[in-house]
Amino acid sequence: MSKYSPIYQKIWKDKDFLKSSKDEKLIFLYLTTNDAIHISGVYEIPLSTIAYETGIPSSTVKQVLTNGSIKNVVYDIENEMVFLVNRLKKYSQGGNPSQVDKGVVKQFLENAKTPLLTNPCQRVHYPYPYPYH
C-alpha cells in the first residue's frame, strides 16, 4: 500500500467524529492510516497490533471495535479483519480505475474467509462488479 493516506480537514467538524471519545478517534485515525490498509477498506489487522501501535489497552480496542461506536467501521473478531465501509468511495481518487478495480477484486478474493465481504458490503455501491452478491 501507499506510504501516504490523506486525512481530510473536514473530519474535525464531522458530527459523529466530534461525539467520539479520544480512544475512538485515535483508533479511527489509526485504521485509516496504518501500513496494512488496502484501498478496498478490507484488511487483516489483529487487535493486539492496534493496541500496541496506538497505546490503547487491548480490552478498550476490542470494546470500541465491537460496540459499533465508530461509524462505518466493522471488525470481524474471529478473522481479525477490519472493513472501513467508505474507504474506496472516499479515497480512490487518482490512479488507473481498472487497476484499482483489479486490486480491490483481488483483495476480496484473497480475504474471502471473512463475512465482512458478504453482509456490510451489500449496502455499499462500488464502481466495479462485486463478486460476492
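I started with a cut-off: a residue counts as buried under 20% relative accessible area, as exposed over 50%, and as partly exposed in between. I looked up S69 with that in hand. Its relative accessible area is 27%, so S69 is partly exposed. I kept in mind throughout that this is a predicted model.

**Entry: S69**

I placed S69 in the loop between α4 and β2 (73–76). I then asked which residues S69 contacts, leaving aside its neighbours within four places in sequence. They are E24 and V64. The side chains of S69 and E24 are joined by a polar contact of 2.8 Å. The S69 side chain also makes a polar contact with the side chain of N67, at 2.8 Å. D16 is 53 residues from S69 along the chain, and their C-alpha atoms are separated by 9.3 Å.

**Entry: the whole chain**

I stepped back to the chain. I counted six helices and three strands. In sequence order I read the pattern α-α-β-α-α-β-β-α-α. The chain has 133 residues, and 43% of them are buried. I also looked at contacts between residues at least 6 apart in sequence. Of these, 63% join residues at least 24 apart.

**Entry: α2 against α4**

I turned to helix packing. Two packed helices are described by the angle between their axes and the distance between the axes. I took helix α2 (residues 22–33) and helix α4 (residues 58–66) to begin with. Their axes come within 10 Å and cross at roughly 80 degrees. Angles of 65 to 115 degrees count as roughly perpendicular, and α2 and α4 are therefore roughly perpendicular to each other. On the α2 side, the contact is made by D23, E24, I27 and L31. On the α4 side, T60, V61, V64 and L65 make the contact. By class I noted five nonpolar residues, one polar and two charged. E24 had already come up in my S69 entry, as a contact of S69.

**Entry: α2 against α3**

How do the axes of α2 and helix α3 (residues 47–54) cross, and within what distance do they come? They cross at roughly 110 degrees and come within 11 Å. The two helices are therefore roughly perpendicular to each other. I noted a right-handed crossing where α2 passes α3. From α2, the contact uses L26, Y30 and L31. From α3, the contact uses T49, I50, E53 and T54. I sorted the residues of this contact of α2 with α3 into four nonpolar, two polar and one charged.

**Entry: T54**

T54 sits in helix α3. Is T54 buried or exposed? Its relative accessibility is 16%, so T54 counts as buried. Leaving aside its neighbours within four places in sequence, I found T54 in contact with L26 and Y30. The T54 side chain also reaches the backbone oxygen of I50, at 2.7 Å.

**Entry: α3 against α4**

The axes of α3 and α4 come within 9 Å and cross at roughly 115 degrees. I recorded a right-handed crossing of α3 past α4. L47, S48, I50 and A51 make the contact from α3. S58, V61, K62 and L65 make the contact from α4. I listed the classes as five nonpolar, two polar and one charged.

I then looked at S48, which lies in helix α3. S48 is partly exposed, with a relative accessible area of 48%. S48 and K62 are 14 residues apart in sequence, with 9.3 Å between their C-alpha atoms.

**Entry: positive phi**

Last, I looked up two backbone angles. N72 is in the loop between α4 and β2. Phi of N72 is near 65 degrees, a positive value in a residue other than glycine. I marked N72 as partly exposed, with a relative accessible area of 29%.

E80 is in the loop between β2 and β3 (81–84). Phi of E80 is near 55 degrees, also a positive value in a residue other than glycine. With a relative accessible area of 33%, E80 is partly exposed.

Note on methods
Residues are numbered from 1 along each chain as its sequence is written. This is a predicted model: local features need pLDDT of at least 70, side-chain atom pairs count only at pLDDT 80 or more; totals for chains, interfaces and linings use all residues. Side-chain values use heavy atoms; hydrogens and water are left out. Axes are lines fitted to C-alpha atoms, for helices over the stretch in contact, and angles run from 0 to 180 degrees between N-to-C directions. Helices (H or I, at least four residues) and strands (E, at least two) are DSSP runs, numbered from the N terminus. Angles under 35 degrees count as roughly parallel, over 145 as roughly antiparallel, 65 to 115 as roughly perpendicular and the rest as oblique. Contact means heavy atoms within 4.5 Å. Ala, Val, Leu, Ile, Met, Phe, Trp, Tyr, Cys and Pro count as nonpolar, Asp, Glu, Lys and Arg as charged, and the others, Gly among them, as polar. A crossing is left-handed if the near helix is turned anticlockwise from the far one by less than a right angle, and right-handed if clockwise. Buried means under 20% relative accessible area, exposed over 50%, partly exposed in between (1.4 Å probe, protein chains only). A polar contact is a pair of N or O atoms within 3.5 Å; within protein, one must be able to donate a hydrogen and the other to accept it, and residues adjacent in sequence count only if both atoms are side-chain atoms.
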